[in-house]
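I opened the model today to look up a few things about its packing and its charged side chains. These are my notes.

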Amino acid sequence: MILEAEEVYFDPNDDIGCATVGFKSAGDEYVLLTRNLNPDDQDISLGMAGVHLEINDQGWSGYDAIASFTIYPEKADIQMTEKGASAVGRQQVEVRYSLPAERRAQLRTTLSTVFEGFSNI
């Protein structure tokens with residue numbers, strides 16, 4: 001899947017303690033990455049302490065779905081784990097976008113928060 005993002009949203013720490021990055025096309029397609037920055041014991045025991053990936057619908061989402069995430073100045077490549085491919089219905093996603101240099105730097109900072117502690121990023 002290739003997503004041509006018209007909108008890029010990111011927040012390193014929203015009102016509920018999540019880091020969020022979203023890419024949305026001119027249509028209804030989107031890729032959303034979220035991570036709870038303060039997971040409690042229940043979140044951890046349920047496997048909800050990592051990065052959550054959603055593609056186009058909550059029915060195509062899951063935790064621990066991303067094998068690798070590579071960011072470039074005008075695109076991001078996401079490779080799925082086997083579990084992730086099953087959860088989101090895709091092996092990989094390429095997100096293309098255009099951002100000014102300052103916003104690209106802010107996006108990278110937020111992605112660093114989302115993926116903090118992960119070695120595949």
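The entries below go from the core to the charged residues and then to the loops.

**Ground rules**

I am working with a predicted model, where local features need pLDDT of at least 70, side-chain atom pairs count only at pLDDT 80 or more, and totals for chains, interfaces and linings use all residues. Residues are numbered from 1 along each chain as its sequence is written, and side-chain values use heavy atoms, with hydrogens and water left out.

**Entry 1: the core**

I looked up the largest nonpolar core. A nonpolar core here is a set of buried Ala, Val, Leu, Ile, Met, Phe, Trp, Tyr and Cys residues joined through side-chain atoms within 4.5 Å. Buried means under 20% relative accessible area, exposed over 50%, and partly exposed in between (1.4 Å probe, protein chains only). The largest core holds 29 residues. Phe23, Leu33, Tyr97 and Leu107 have the most contacts inside it. Strand S1 (residues 2-11) contributes the most to this core, with four residues. I take strands (E, at least two residues) and helices (H or I, at least four) as DSSP runs, numbered from the N terminus. In soluble globular proteins, nonpolar side chains tend to be buried together.

Next I checked Leu107. Contact means heavy atoms within 4.5 Å. Apart from neighbours within four places in sequence, Leu107 touches Val8, Phe10, Val21, Phe23, Ile71, Tyr97 and Leu99.

**Entry 2: aromatic pairs**

How many aromatic pairs does a search of the whole structure find? It finds two. The rule pairs rings of Phe, Tyr and Trp (its six-membered ring) if their centres lie within 6.5 Å; planes under 30 degrees apart count as stacked, over 60 as edge-to-face, and the rest as tilted. I noted one of the pairs, Phe69 with Phe115. Their ring centres are 5.0 Å apart and their planes stand at 35°, so the pair is tilted. Phe69 is in strand S6 (residues 66-71) and Phe115 in the segment after helix H3 (101-114), so the pair ties together parts 46 residues apart in sequence. Phe69 and Phe115 are both buried.

**Entry 3: salt bridges**

I counted salt bridges next. The rule asks for a side-chain nitrogen of Lys or Arg within 4 Å of a carboxyl oxygen of Asp or Glu. The count is four. Side chains of opposite charge can pair when their charged atoms come close.

I wrote down three of them:

- Arg96 meets Glu4 at 3.0 Å, N to O. Arg96 is in strand S8 (residues 92-96) and Glu4 in strand S1, so this pair ties together parts 92 residues apart in sequence.
- Glu94 bridges to Arg96, with the closest N and O atoms 2.5 Å apart.
- Asp77 meets Lys75 at 3.6 Å, N to O.

Salt bridges with shared partners join Glu4, Lys75, Asp77, Glu94 and Arg96 into one network. I then checked accessibility across the network. Glu94 is buried at 17%, and Asp77 is buried at 17%. Arg96 is partly exposed at 31%, Glu4 at 43% and Lys75 at 27%.

**Entry 4: Glu54**

Which side chain of opposite charge is nearest to Glu54? It is Arg90, 11 Å away. Glu54 is buried yet has no salt bridge. For charge, Lys and Arg count as positive and Asp and Glu as negative, while His and the chain ends are not counted. Glu54 sits in strand S4 (residues 51-55).

I did find a polar contact, between the side chains of Glu54 and Tyr30, at 2.3 Å. That term means a pair of N or O atoms within 3.5 Å; within protein, one must be able to donate a hydrogen and the other to accept it, and residues adjacent in sequence count only if both atoms are side-chain atoms. Leaving out neighbours within four places in sequence, Glu54 is in contact with Tyr30, Val31, Leu32, Trp60 and Ser61.

**Entry 5: Ala87**

Ala87 belongs to helix H2 (residues 82-88). Ala87 is partly exposed at 22%. Beyond neighbours within four places in sequence, Ala87 is in contact with Gly59, Trp60, Ser61 and Gly62. Its C-alpha atom is 9.2 Å from that of Leu53, 34 residues apart along the chain.

**Entry 6: positive phi**

I noted two residues other than glycine with positive phi. Asn56 has phi near 70°. Asn56 is in the loop between S4 and strand S5 (61-63), partly exposed at 22%. Asp64 has phi near 55°. Asp64 is in the loop between S5 and S6, partly exposed at 39%.
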